[in-house]
Amino acid sequence: MALFSTVGSSTATAQASTTGDISKDVALNSPPDDSVSDLAFSPVSEHLAVASWDKKVRIYEINDQGQSEGKAFFEHEAPVLNCCWSPDGTKVVGAGADKAARMLDLQAGTTTPVQVAAHDSPIRCCHMIPNPGNSSSPLLITGAWDKTVKYWDVRQQTPIGSLTCQERVYTMDVKSKLLVIGTADRYINIVNLDDPLKFYKTLQSPLKFQTRVVSCFTDATGFAIGSIEGRCAIQYVEDKDSSSNFSFKCHRETPPNTRDVSNIYAVNAISFHPVHGTFSTAGSDGTFHFWDKDAKHRLKGYPPVGGTISSTAFNRNGNIFAYAVSYDWSKGYAHHTPQTPNKIMLHPVTQEEVKPRPGTRKTR
Amino acid sequence: MGKKKRGHPDLEELLARPWCYYCERDFDDLKILISHQKAKHFKCERCGRRLNTAGGKSPFTYCCLTAVDNALPNRSSLDIEIFGMEGVPEDIIQAHNQRVLTQFQQAEAERRAATGNPPPGASQGGNQLKKPKLESAEELKKRLAEHKAKMATEQTAGDSSGEVTPVGVGQTLQTASGYNQSSQFPTTQPPFNNATAPNQQFPYQQQYGGISSPYQQAPSPVYQNFSSNGQQQLPASQYTSPGLTTQQFPAATPGQAPAYGSTPPPIPFAQQQQLPARTHTPPQASSLFPPRPGNLPAAPSLPQRPSFGAPQVNPHLLQQIHHAHLPIAAGAISSTHGPILSGENALIVETVTHPLAASVDDLISGAAKEADNAAARAASAPKPEETPEEKPTKKEKSKPTKLVYSDNEISPEEKMARLPRYAFVPDRKGETALGEAITAAVS
C-alpha cells in the first residue's frame, strides 16, 4: 500500500544512516486537548483511536497522504487511560479513571458509549479478543489498579471471569493466545487464553525497576518489557527459549555539559511491527527507536521529537507508525506547562527501517 | 588489521642511511648529506665558498685549509676525497655499520624493556640458558597424559588448587599449611608477615628445602602453588644460593603476598630487590651469561622477575625451572578468574606440547593478552546482557538525578490521576456527548 507515497519513496533513499528522518512525519489534525494516554490502530482499516486525559476517546481516519480527519469520539467521566479496538474493527473501547470501560459501536451510528466493564478502581488497560463462541461479540479484558483482570462479554453486566493479580495492573498486551499482564512491584503474569482463568506462568520482571509496558511479540512466543529505568527486556514464554532472553539499555542520555551524569528515562511504549516482528521503543526522553530483537541490534534511531512520547502504535500492515508526543508526567507536575507539546505524529514507515537486516538475524 | 606503524626504524633502514665520513652524522638522504658536507666541512672559511669536496679546497691555497673543518679528529685529512658517501674507505664503512648495529640493538633492548615485548625469535627465556629443552615424543605424551589425569582428578574431586598438587617426589603437600614452615617466615620480618593474602597464595612447597639445603625457598606470589611432579615443574623461584638469598618478588596482583625473604639476608634488601630498571640483564645473571640484546625484558604486566643469585642448580634442573617459569607467571595473572592451578596447568600443557616453539615468548604475550582479557572481562562483567548500544539522545536535562522518573512504586499515571485536575468525581449525570460529527461507518 502506497501510503504517504510521495514521502515514502524519498525516505527510502536515506537508508545508509542509522539515524532516521522524522521531518516527513505528519501531525494528526485536531489532536486531543490534553495528554494522550493511548493510541490504537484499527485491525482492519486506517482508523486510529486515541485515548486522552481530557476524558475523551477520539477516532481518526487517515488517508493515503497521511492526512487525518476526526471521525468520532466518545466521552468518559474521567481521564481515559487506555483504548482498544474489537477484532473486527467495528467497536472501540476506552478504559478510564472513572472505573469504567465504555464501548462505542461505530456501526450503530450513536455517539453514546455503552459501559461494558466496571472495576473498583481506575481501569488501566483494556484489550479485546475474539470470542471463541461468537465471533460477532468480542470479549473484553480489562486490567485495573484494583489488582484484578476481568473478562467481559460486552453484553453482560457482570464479568465472565476474573483474575486476581499480585499488584495493581499497569500494562497488558494480547497476541493471539498470549496475554501478558505487567503489574506494580514488577510482577509479570502470563496467561494462556485457552485457559484464561489461571496464570500460565508468573515471574518477576527481569528488570529491576517498575514495569512500564509489556508488548507481545508478533509471533506471540514472548514479550518485551519496558521499565522506568531506561531498559527493555526481551522475554520468551517458554523455558526452552530462555537462553534467548536478554535486556538492553535504551532511552538514556548524558547531558552535554555534565559528563558523569546520565539521565535515564522511562520506556513508555513498545510496539511490535505486525509484519516483520521488529519493534519500537519510545520513552520519556522524547525519542523512539526501531530494534531487531533477534539480531540484537538497533535498526534505526530517531532524533528527539520535542517532548516525551507517551504512546506508540503501528497500523495493521506496519506502514504507519503513530507516536503521541505528549506529557507523560515523568517529571512531575511542574514540567507540565502550556508549552508542552501535545500532538500525535504519523511516521511513514519504510521497509528499510523495520525490516531485519539480512545476514544479521540469529537463529534461535 | 594493518601492520602497526612502528615508531622506530628497522635495522636495514638505519644501515641504509647516508652518513658523513667526517663527523659520523647520518642523514635522511644523500642530498642533505652533500649539502651538509658542503656547509660544514667543505666551506672555505676565508672566502666563504662552498666546495664540493675537500680536495677542491686545495687549489685555493691562499684560503684553503690543510684539514677539513668540523671533522672528527682522525678524519680531518684531505687525503681521502669524499663526496657524499663516495670515497669512504671500506674499513670505515664496516666500523660505522658495526656501530649502527650496536646502537640499534641497544635501542631495541631498551624498547623491549620499556614495552615488555618479547624479542623476535623464540628460544630465549629470561635468564635461560640457550640449551633448548628437548623431549622425546614419548616423554611428551607421557606428561600430557599425566597432566590430563591430574586435571581429571581435579575436576571430579572439585579440589581446590592446592590439593591438586601431587604429593610425591620428596614434596609435601601444602596449601595453607605452608604457614607452618616457620623457617620460611622469620618473625623478624614483620612487614612480610602481615600480608593478608588468601591462603592459597602461600602454598610454599618446601620440597627442596628438605632435600638439598642449597635451595632456599623464596616463595613468591607468582610462583605459588606450582605443582611439581618431579619432571618439569619445579617451582621456579625457589632457588637461591645460600649466599644470595634475598629475593623479593613484588606483588604481582593486588592482594597477593608481597615477598618473603627466606633467610636473613646477608645482602641488604634494597640493594638486591629494588633494581629499578631491571631491564634485560639481571645483574646476577650477567655474570653467568653475557648480556644479549635479545635478553628478555620485564613485561610490564608481569611481576618482576626474580633476581637470581647464581643458583647452584644443575643444568637440567635449571632448564626446567626456566621452562616452568613463565607459564606460572601467566597462570598467576589469570588467577583472578578461576582456579589458579588449572590455568597454570593449561599453560603448562601448552609448553609441553610445543616445546620446540620454546613458547616462552608466546606465553608472555599470551599472559599479557590473558591479563588484558581478564581486565576486559572484569570491565564488561557487570553488564553482560546489554547488547544493543546505548542510544545517544540530545534532550538536555541539567538535573543530576539518574532516573528521570524515580518512583518505583507508583506509576506516573496513578500520580497523574490523583491530581485534582483529573480526579474522578462520580456524578451520575449520565453519559453525554458533545455535538460533533460522528460517522459510524468504518469500513
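Tutor: Contact here means heavy atoms within 4.5 Å, and helices (H or I, at least four residues) and strands (E, at least two) are DSSP runs numbered from the N terminus. This is a predicted model, where local features need pLDDT of at least 70 and side-chain atom pairs count only at pLDDT 80 or more, while totals for chains, interfaces and linings use all residues. Residues are numbered from 1 along each chain as its sequence is written, chains are lettered from A and ligands numbered from 1 in the order in which they are written, and side-chain values use heavy atoms, with hydrogens and water left out.

Student: OK, helices. How do you know that the length of α3 in chain B agrees with what a helix should span?

Tutor: The expected span is 1.5 Å times one less than the number of residues. Helix α3 (residues 90–115) of chain B has 26 residues and should span 38 Å; its end C-alpha atoms are 37 Å apart, so the two agree. Just after α3(B), B:G116 has a positive phi of about 80°.

Student: What makes residues of α3(B) count as buried?

Tutor: Buried means under 20% relative accessible area, exposed is over 50%, and partly exposed is in between (1.4 Å probe, protein chains only). Among the buried residues of α3(B) are B:I92, B:H96, B:V100 and B:F104. Their cover includes α1 (11–16) of chain B.

Student: Why is A:K99 called partly exposed?

Tutor: A:K99 has 31% relative accessibility, which means it falls in that middle range. This lysine sits in the loop between β7 (91–96) and β8 (100–105) of chain A.

Student: And what makes the phi of A:K99 worth a look?

Tutor: Most residues other than glycine have a negative phi. A:K99 isn't a glycine, but has a positive phi of about 65°. A:K296 isn't a glycine either, and its phi is positive at about 55°. A:K296 is in the loop between β26 (288–292) and β27 (297–301) of chain A, and at 21% relative accessibility it counts as partly exposed.

Student: Is A:S310 buried or exposed, and how do you know?

Tutor: Buried, because its relative accessibility is 13%. A:S310 belongs to strand β28 (residues 309–314) of chain A. Leaving out residues up to four places away in sequence, A:S310 touches residues including A:N268, A:A269 and A:D328.

Student: What makes A:S310 and A:S326 a polar contact?

Tutor: A polar contact is a pair of N or O atoms within 3.5 Å; within protein, one must be able to donate a hydrogen and the other to accept it, and residues adjacent in sequence count only if both atoms are side-chain atoms. The side chains of A:S310 and A:S326 are joined at 3.1 Å. The A:S310 side chain also reaches the backbone oxygen of A:V36, at 2.7 Å.

Student: Why is the pair of A:W53 and B:Y422 called tilted?

Tutor: Rings of Phe, Tyr and Trp (its six-membered ring) pair if their centres lie within 6.5 Å; planes under 30 degrees apart are stacked, over 60 edge-to-face, and the rest tilted. The structure holds 17 aromatic pairs over all chains. A:W53 and B:Y422 are 4.8 Å apart centre to centre, with 55° between the planes, which makes the pair tilted. This pair crosses between chains A and B, and both residues are buried.

Student: What makes A:K293 a charge over the ring of A:F217?

Tutor: NZ of Lys or CZ of Arg must be within 6 Å of the ring centre and within 35 degrees of the ring normal. A:K293 lies over the face of A:F217, 4.3 Å from the ring centre. In chain B, B:R75 lies over the face of B:Y21, at 5.0 Å from the ring centre.
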